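Hello,

Please find the structure below. My notes on the interface follow.

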2 protein chains.
Amino acid sequence: MKLLKDKIIAEAQIIDDRIIKVDNFLNHQIDVQLINEIGKEFKRRFASEEVTKILTVEASGIGIACITAQYFNAPVVFAKKHEASNVDGEVYQSQVYSYTKDKYFKIRVAKRFISSQDKVLIIDDFLANGNALGGLIEIVEAAGAKTVGVGIVIEKSFQQGRQNLTDKKIRIESLAIIDSLENGTIHFR
Amino acid sequence: MKLLKDKIIAEAQIIDDRIIKVDNFLNHQIDVQLINEIGKEFKRRFASEEVTKILTVEASGIGIACITAQYFNAPVVFAKKHEASNVDGEVYQSQVYSYTKDKYFKIRVAKRFISSQDKVLIIDDFLANGNALGGLIEIVEAAGAKTVGVGIVIEKSFQQGRQNLTDKKIRIESLAIIDSLENGTIHFR
């Protein structure tokens, strides 16, 4: 997606060979016009799929998921991340390891928000090692629902997230795929 | 806002005299069509204001802020809530006490995302004691910017949030004001 790649080139901060920060438009400040174009592009790519729910995880995924959901006419469910979150009643949960924070945390979704009839499109900002995404897919599986696809804004292909998920045979669409950040330069696929 | 009040009556869970849960459409699952109507209503109420930024706090505020931002053609900035959040460089921060979790946490916004020229509309899901909102207003003041208004989805008027903020002389628009939850019944203003 050219608009997104241009924005990444213009505004992303390359921290090191593995980390890129897009706080200017995706993770802290949100460029809602850009996210609208991203939502339309997800709709275009998954136009053939019936989607009854958009699933993401707090916090950065929520804005992207909500804007995208407008094009699918489906509600958003966001998994909650912290032990102390007020999720009442029965929950599906999954343990996720965060490389960024070097710790495990739980992600949880109240059971009543995903039924076995649901066709779920998972939306997230980044695909790196695929741990958070794997956790979301586990939750959909636990509900007996179907993940019809995964829409990612930025994939870092050198961190193996996609490979870690290939045995799931789920279609993953990433709008910008970064093959390398070496020498302070972004190499897109 | 009748549509919102009807939704609250139909789907909110009254936990006790002080707590109401709206996980069905606002805080865990998000009814994006409803949020779109909420966004339009915020635009109608603040139509006379120039808004250059929409400010909220993670996590529940983000979806509402992003949908609302479409009607103001302004970017969203969300304050980050946790010590470990990756906010780099200089930040504005504020200490906020959470009654729900009975602890203090910090909310932080990178300085580069609010300038002294900004006209900020603050959007949040709930106004109860007003602690989170007070923290956001402090951050706008620290940046030398102006809070042109506060848009709240649900205000619990019996928890004094509005009174705690009256000396700030900031216009607060709440789309549903709950005066009491006594005896398991919702009394709207």
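How many salt bridges are there between chain B and chain A? The count is zero, a salt bridge being a side-chain nitrogen of Lys or Arg within 4 Å of a carboxyl oxygen of Asp or Glu.

This is a predicted model, where local features need pLDDT of at least 70, side-chain atom pairs count only at pLDDT 80 or more, and totals for chains, interfaces and linings use all residues. Residues are numbered from 1 along each chain as its sequence is written, chains are lettered from A and ligands numbered from 1 in the order written, and side-chain values use heavy atoms, leaving out hydrogens and water.

Between chain B and chain A, 19 residue pairs are in polar contact, both residues at pLDDT 80 or more (a pair of N or O atoms within 3.5 Å; within protein, one must be able to donate a hydrogen and the other to accept it, and residues adjacent in sequence count only if both atoms are side-chain atoms).

The contact (heavy atoms within 4.5 Å) takes 39 residues from chain B and 39 residues from chain A. The two chains bury about 3300 Å² between them, 55% of it on carbon and sulfur atoms; buried area is the accessible area (1.4 Å probe) that two parts lose on being put together, summed over both. In chain B, the most area is lost to chain A by His28(B), Gln29(B) and Phe113(B), together 19% of what that side buries.

Regards
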